[in-house]
Amino acid sequence: MAASVAAEQKSAEVTDWAARIGWLVGLVLFVALVYWLMREGWKWRGTLQGDLPELPTAPEDPGPAKLSMSGRYHGSTTAGQWLDRIVAHGLGTRSRVELTLTEAGLDVVRPGATDFFIPAEALREALLGKGIAGKVLSEGGLLVVTWAHGDKLIDSGFRSDRAAEHTEWVDTLNHMINKSTKTEGAR
């Protein structure tokens, strides 16, 4: 008897295809609208940050490398405000990165994104952080470099492929910044 009852039970056939297709089309349109709104918000943020000057490029001969590192660029924010992402001039684009520190400054080479250079006199501080612009890592998992660009202070976040390098970068950058500050103060 149980076998006959089980054999008789079937799923109801779908008879209202128009309603199901309508729901599916509505869902696709809703997802497209949300994506479009997010993109417009990103472009609007770039427009609001339009007063940010063009990014400097590396000099022809920056000198010998003190340190170099490969890893990831996680973005830039207004200094001290780790969620206020800066998107103008491609600073909001996450990418691979090759960092090279010289006496002239910090060369940031990003394949597939805009490269930029931070002159030594623009460097303000380096520290180990745990998050920037929507990317949260373990404590000390992010090298955060604070620098001046125009009249704005910017924090840029980098993560090395070998996280043990971060401490050496912080020490070297801060030593370079302190040496530069003492030299300027003596003038």
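Let's start with the aromatic pairs: a search of the whole structure turns up 3 of them. Keep in mind that this is a predicted model.

Take Tyr 73 and Phe 116. Their ring centres are 6.1 Å apart and the planes meet at 70°, so this pair counts as edge-to-face. The two residues come from distant parts of the chain, with Tyr 73 in strand β1 (residues 67-78) and Phe 116 in strand β4, 43 residues apart. Both Tyr 73 and Phe 116 are buried.

Now, what is the geometry of the pair that Phe 116 forms with Trp 147? That pair is stacked, at 5.7 Å centre to centre with 15° between the planes. Again distant parts of the chain are linked: Phe 116 belongs to strand β4 and Trp 147 to strand β8 (residues 142-149), 31 residues apart.

Are Phe 116 and Trp 147 buried or exposed? Phe 116 has a relative accessibility of 1%, so it counts as buried. Trp 147 is buried too, because its relative accessible area is 0%.

Let's follow Phe 116 back to its strand. β4 covers residues 116-119; Phe 116 and Ile 118 point one way, Phe 117 and Pro 119 point the other way, and all are buried. The partner here is strand β3 (residues 105-109), which runs antiparallel to β4 and is joined to it by 4 bridges. If you'd like a landmark in that pairing, find Asp 107, which sits opposite Phe 117 in β4. Together β3 and β4 form a hairpin with 6 residues between them, and in the turn Gly 112 has a positive phi of about 85°.

Next, have a look at Ser 95, which lies in strand β2 (residues 95-101). With 5% relative accessibility, Ser 95 counts as buried. Which residues does Ser 95 contact, leaving aside its neighbours within four places in sequence? They are Gly 71, Arg 72, Tyr 73, Arg 110, Pro 111 and Ala 113.

Last stop, the surface. Leu 24, Leu 27, Val 28, Phe 30, Val 31, Val 34 and Met 38 make a nonpolar surface patch of about 690 Å². One of these, Leu 24, is located in helix α2 (residues 17-48). Leu 24 is exposed, because its relative accessible area is 53% and the cut-off for exposed is over 50%.

Note on methods: Residues numbered from 1 in each chain as written. Predicted model: local features only at pLDDT ≥ 70, side-chain atom pairs only at ≥ 80, totals over all residues. Heavy atoms only, no water. Patch = residues over 30% accessible without salt bridge, like charges linked within 9 Å, V, L, I, M, F, W, Y side chains within 5 Å. Areas by Shrake-Rupley, 256 points an atom, 1.4 Å probe, with all protein chains shown as cover. Salt bridge = Lys/Arg side-chain N within 4 Å of Asp/Glu carboxyl O. Buried < 20%, exposed > 50% of the residue type's maximum accessible area, 1.4 Å probe, protein only. Contact = heavy atoms within 4.5 Å. Pairing = 2+ DSSP bridges. Phe/Tyr/Trp six-rings, centres within 6.5 Å; stacked < 30°, edge-to-face > 60°.
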